[in-house]
Amino acid sequence: MKRQAVPLHAEVAEVLRHQILSGDLPAGTKLPALSALTEKLGVARMTIVQAMNALEDEGLIEKHSGRGTFVKAVKMPDRHTMQMKAELSQIYAMVDQMEVSVRQDDAIIEKGPDGRYFRAMSRIHARSGKPFCQVNIKLDDEIFDRAPDRFATEIVVSVLKDLGITVEKARQKVTISYADFSMAQALDIKVNSAVFRVVREFMDAQGSLIYSATLYYPGDLLEFEMEFSPD
């Protein structure tokens with residue numbers, strides 16, 4: 001595990017701090033018990049205690065005797081959104097350069113809030129045999145059943161294109177995030193390294209979600225180039 005030259009408890013606190021201030025851990029979320037965090041992060045109990053004390057001092061969490069530790073409501077950083085138009089073909093062109101090198105687990109079925117079913121998958125994408133992206137995917141179950149073997153082992157966007165699935169609308173949001181312990185290990189980067197967090201959604205003609213993905217790219221492996229034309 002590549003780590004920064006800082007105390008381990010400070011590193012653990014920074015991981016949780018990023019998750020709280022990014023909204024990944026919303027206000028009111030109950031944090032796992034110390035024993036669960038110790039096992040999940042692979043660190044000593046005292047390291048977790050020190051990290052939690054630091055976050056409590058900052059007003060990010062609050063401890064309730066007998067109930068557990070919860071995320072407090074905090075002021076979220078203001079973000080300015082820059083909206084741009086792009087062609088869907090740009091996404092197809094990008095994924096054509098990648099390959100799926102690791103299948104982390106099988107596709108599991110999840111029920112959406114509207115009663116529809118999705119297949120959830122988590123995997124690593126690679127370029128030239130090196131980790132390039134961690135991605136968490138949800139795909140409409142009926143579409144998954146049209147090519148289960150391909151969806152389980154290939155780039156989902158490429159398979160959607162090959163099957164001729166109509167994408168009426170697509171959107172993508174890019175923000176800066178930071179690698180937690182498991183992501184750092186999967187992508188072979190340092191804990192708390194900056195990563196691009198890309199949330200991508202495809203909708204059908206009825207406006208229903210058919211595919212979504214949250215992708216994490218190491219900050220030093222991706223750049224965005226935009227060309228502006230005069231009005």
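Predicted model: local features only at pLDDT ≥ 70, side-chain atom pairs only at ≥ 80, totals over all residues.
**Aromatic rings**

A pair of aromatic rings is described by the distance of the centres and the angle of the planes. The structure holds four aromatic pairs, and we can take a friendly look at two of them here. In one of them, the planes of F132 and Y217 stand at 75 degrees, and over 60 counts as edge-to-face, so this pair is edge-to-face; the ring centres are 5.3 Å apart. F132 belongs to strand β6 (residues 130-140) and Y217 to strand β9 (residues 209-218), so the pair ties together parts that are 85 residues apart in sequence.

Another of the pairs is formed by F144 and F151, whose centres lie 6.1 Å apart. Their planes meet at 20 degrees, so the pair is stacked.

How buried are these rings? The table gives the relative accessible area of each residue.

| Residue | Relative accessible area | State |
|---|---|---|
| F132 | 6% | buried |
| Y217 | 2% | buried |
| F144 | 5% | buried |
| F151 | 0% | buried |

F132 has a charged neighbour as well: R127 lies over the face of the F132 ring, at 5.3 Å from the ring centre.

**Helix packing**

Two packed helices are described by the angle between their axes and the distance between the axes. Helix α1 (residues 8-21) and helix α3 (residues 45-57) have axes that come within 8 Å and cross at roughly 50 degrees. That angle makes α1 oblique to α3, and the crossing is right-handed. Which residues meet here? From α1 come L8, H9, V12, A13, L16 and R17, and they meet T47, I48, Q50, A51, M52 and L55 of α3.

How values were computed. Residues numbered from 1 in each chain as written. Heavy atoms only, no water. Phe/Tyr/Trp six-rings, centres within 6.5 Å; stacked < 30°, edge-to-face > 60°. Helix = DSSP H or I, 4+ residues; strand = E, 2+ residues; numbered from the N terminus. Buried < 20%, exposed > 50% of the residue type's maximum accessible area, 1.4 Å probe, protein only. Lys NZ or Arg CZ within 6 Å of the ring centre and 35° of its normal. Axes fitted to C-alpha atoms, helices over the stretch in contact; angles between N-to-C directions. Parallel < 35°, antiparallel > 145°, perpendicular 65-115°, else oblique. Left-handed = near helix turned anticlockwise from the far one by under 90°. Contact = heavy atoms within 4.5 Å.
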